[in-house]
Amino acid sequence: MLPWLAESPVQFPDIADALDEPPGLLAAGGALTPEWLLAAYRRGIFPWFSDDQPILWWCPTPRLVLFPEEIRVRRSLAKRLRNGGFTVSRDQCFADVIAACAAPRDDADGTWITAAMQTAYRRLHAMGHAHSVEVWRDGQLVGGLYGVALGRMFFGESMFSRESDASKVALVHLARRLQAQGGGLIDCQMPTPHLASLGAREIAREAFIDYLEQYAALPAESWALAPPPCCHSGGRDREQ
């Protein structure tokens, strides 16, 4: 039976007790407060649920991760990075990025980034725990990603594109930032062909927790990065 968590105290079951079907489902209930969310990420757990469901907490195995040094930049993407006319910023419009990630997509019904989730992660951002990478062209927000950072662990939540390859540009920027700091790990959570094409791979849950313990304890540099001039958002999502 799936454990039901009261709103207090903040306490999760042992991640080894996560279900095999659906894969990685650990518990339901609790709350989306900063205390619950930070405790979850520190244990390798993340929330994922729809509007018509209770809060559901997951810790799957295997776990999809991206080692920054393994990001795959194919020739076409390398050309985009050099000559695509994109400008990248960090933490300049977190609310716009999470709203864009939550917007309807042609290939999906509904969104798991509910209004409650957006509010919760905006609170984490205000506290300095959740971050965004923004990609701009001609002063327009055309792509980006957001997630939670603990030390040099980045727990990726979602990304969006309004122009081809814009979300990939954001991910490459994030990976290179971690590389410049001396290493780290990007948690991609669930497997997708899109992320696998960029070099993400699956590892066992036990290995993931070992990396989490290692990288979350390391110091992280400031996320601040100045925005380009005349920043505005607009357009529709095209790519997850």
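Predicted model: local features only at pLDDT ≥ 70, side-chain atom pairs only at ≥ 80, totals over all residues.
Visitor: With which side chain does the side chain of D187 make a polar contact?

Guide: The partner is the side chain of R63, at 2.8 Å.

Visitor: Is D187 buried or exposed?

Guide: Here one compares the relative accessible area with a cut-off: a residue under 20% counts as buried. D187 has a relative accessible area of 0%, so it is buried.

Visitor: What should helix α7 span at 1.5 Å a residue?

Guide: The twelve residues of α7, residues 205-216, should span 16 Å. The C-alpha atoms at its ends are 16 Å apart, which agrees with that expectation.

Visitor: Which residues of α7 are buried, and why do they line one face of the helix?

Guide: The general idea concerns the helical turn. An α-helix has 3.6 residues a turn, so residues three or four places apart point the same way. In α7, the buried residues are R205, F208, I209, L212, Y215 and A216. Seen down the axis of α7, these buried residues fall within an arc of 140°, so they line one face. On the other side of α7, E206 and D210 are exposed.

Visitor: Against which elements do the buried residues of α7 pack?

Guide: They pack against α1 (34-42) and several strands, namely β5 (63-66), β8 (140-150), β9 (153-161), β10 (185-189) and β11 (201-203).

Visitor: How many residues of strand β7 are buried?

Guide: Seven of the eight residues of β7 (residues 130-137) are buried, so the strand is largely enclosed by the rest of the structure.

Visitor: In what sense does β7 pair with β6 and with β8?

Guide: To read a pairing, one looks at the sense of the strands and at their bridges. Strand β6 (residues 87-90) pairs with β7 in the antiparallel sense over four bridges, and S89 stands opposite E134 in β7. The pairing of β7 and β8 is antiparallel over eight bridges, with G143 in β8 as the bridge partner of V135. Their hairpin has two residues between the strands, and D138 takes a positive phi near 55° there.

Notes
Residues numbered from 1 in each chain as written. Heavy atoms only, no water. Expected span 1.5 Å × (residues − 1). Buried < 20%, exposed > 50% of the residue type's maximum accessible area, 1.4 Å probe, protein only. Arc of directions from axis to C-beta. Contact = heavy atoms within 4.5 Å. Pairing = 2+ DSSP bridges. Polar contact = N/O pair within 3.5 Å; in protein donor to acceptor, adjacent residues only side chain to side chain.
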